[in-house]
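Let's work through a few exercises on one protein. Keep the sequence and the 3D view open while you go, and try each task before you read its solution.

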Amino acid sequence: MNYAMISRHAVFVLVLGASGLAGPHPSDPSPQAQPATTLKLPLKDGSIRFAVIGDTGRGNSGQIAIGAQMAAVHREFPFNLVIMLGDNIYGADSPADMDRKFASPYKALLDKGVEFRAAIGNHDNPNQRFYKPFNMGGERYYTFHPPKNADGKAEVAVRFFALDTTYLEKIQIDWFEKELASSVSPWKIAFFHHPLYSSGRTHGSALETRAILEPLFLKYGVSASFSGHDHFYERIRPQKGGIGYWVSGAGGSLRKNDIRVGSALTAKGFDDDYHFMIIEIAGDDMYYQAISRRGATIDSGVFHRPGAIVAAVVPTPSPAAVILVPVPVPAAVPAVSPPAPKASPSPSASPAPR
Ligand SMILES: [Fe+2]
């Protein structure tokens, strides 16, 4: 392992450990071998499939149980990619910690060749970008297509953009805009740690980050966005441009009853247990399913790509004709979240990679 630990970070780690943020929490229930949930996704030929986890890296029983559920789901729903939404390694990050907080909980998936791709969170050492199993290519922000499926042809329809929202500096924003402008993939999916929309009492919407990123999303047609930081599941009601936003920050961290009751942002919320997500993209449809630690389906449905053209049958005398019509963009739901606290500084600044 060529992962280098920074001594300054280690000091930061000790503070976190003392505050109870690192390591197993005494109230964590024991991992339980539950059967996988009922699969709600269609498993279409040639579809693009991936899983989503956020705020995982504690090595606690919740993370371990989620890893076991993911492996069980993988047997029914083979996916070859997992995106990680940040706070991937809380606290100490020695090789033994990397094993306990990452490699061990997901060993079954790693052994099957599943590729993990990480975004940096505020609790992460930016040097995680050099940790090979995170597949970041040594960069704090990067873009990629999902790995090839068996048919080797569908992957270019989707392009991911992993951002570092703890240090969202100009050079990164310029890079993001340039990459968006040059992308011809119909599905543009951004993932990063701080949610642009969230009903979390603890953090909530990252308004300053939203002010920077949302105009780019709208200008260049970003389809969907996944973030963590708040330790629950939330599917956000359609916002400007019909862009889909998800908060998925309870892969190894949990903050019960943290979703503001009655929030106008919430389409579906779940803050009772750990969870992860599985996603399937087929054509202009993105099927999603959120699954709890115990294997229950928290949420499922289909999200249609904003701006896509759909076939609609219109009545005509004879025969029925199929025409193409633009998908109406849902009206934006006003954001009512309180201002989010600024992201805490990362333990070690790193030079911009580009
Ligand atoms: Fe965080």
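Helices (H or I, at least four residues) and strands (E, at least two) are DSSP runs, numbered from the N terminus. The model is predicted: local features need pLDDT of at least 70, side-chain atom pairs count only at pLDDT 80 or more, and totals for chains, interfaces and linings use all residues. Residues are numbered from 1 along each chain as its sequence is written.

**Exercise 1. The overview**

Find out how many helices and strands the protein has, and what share of its residues is buried.

Solution. 
- Step 1: go through the secondary structure, and you get six helices and 15 strands.
- Step 2: set the cut-offs. A residue is buried if 20 or more other C-beta atoms lie within 10 Å of its own, exposed if 12 or fewer, and partly exposed in between, with C-beta atoms placed from the backbone.
- Step 3: apply them, and 48% of the 354 residues count as buried.
- Step 4: look at contacts (C-beta atoms, placed from the backbone, within 7 Å). Among those between residues at least 6 apart in sequence, 73% join residues at least 24 apart.

**Exercise 2. The seven-stranded sheet**

In which order do the seven strands of the open sheet lie?

Solution. 
- Step 1: walk across the sheet and you read β4-β5-β6-β7-β9-β8-β10, with mixed pairing.
- Step 2: check the edges. β4 (142–144) and β10 (266–270) each have a single partner strand, so one side of each is left without a neighbour in the sheet.
- Step 3: from one strand to the next, the twist averages 15°. For such angles, axes are lines fitted to C-alpha atoms, for helices over the stretch in contact, and angles run from 0 to 180 degrees between N-to-C directions.

**Exercise 3. Zoom in on β8**

Solution. 
- Step 1: recall that strands of a sheet pair through backbone hydrogen bonds, either parallel or antiparallel.
- Step 2: β8 (residues 233–236) runs antiparallel to β10, with four bridges between them. It's antiparallel to β9 (residues 244–248) as well, this time with three bridges.
- Step 3: Y233 has S248 as its bridge partner in β9 and F270 in β10. R235 sits opposite K268 in β10.
- Step 4: for the side chains, Y233 and R235 point one way while E234 and I236 point the other way, and all are buried.

**Exercise 4. Helix α6**

Solution. 
- Step 1: α6 bends by about 30° at L213, and the proline P215 follows within four residues.
- Step 2: L213 is also among the buried residues of α6, along with T209, R210, E214 and F217.
- Step 3: just past the helix, G221 has a positive phi of about 75°.

**Exercise 5. A loop residue**

Is S198 buried or exposed?

Solution. 
- Step 1: locate S198 in the loop between β6 (187–191) and α6.
- Step 2: S198 has 32 C-beta neighbours inside 10 Å, so it counts as buried.
- Step 3: compare sequence with space. S198 and H229 are 31 residues apart in the chain, and their C-alpha atoms are 9.6 Å apart.

Definitions and conventions:
Two strands pair if DSSP finds at least two bridges between them. The bend at a residue is the angle between axes fitted to the seven residues ending there and the seven starting there. Two residues are in contact if their C-beta atoms, placed from the backbone, lie within 7 Å.
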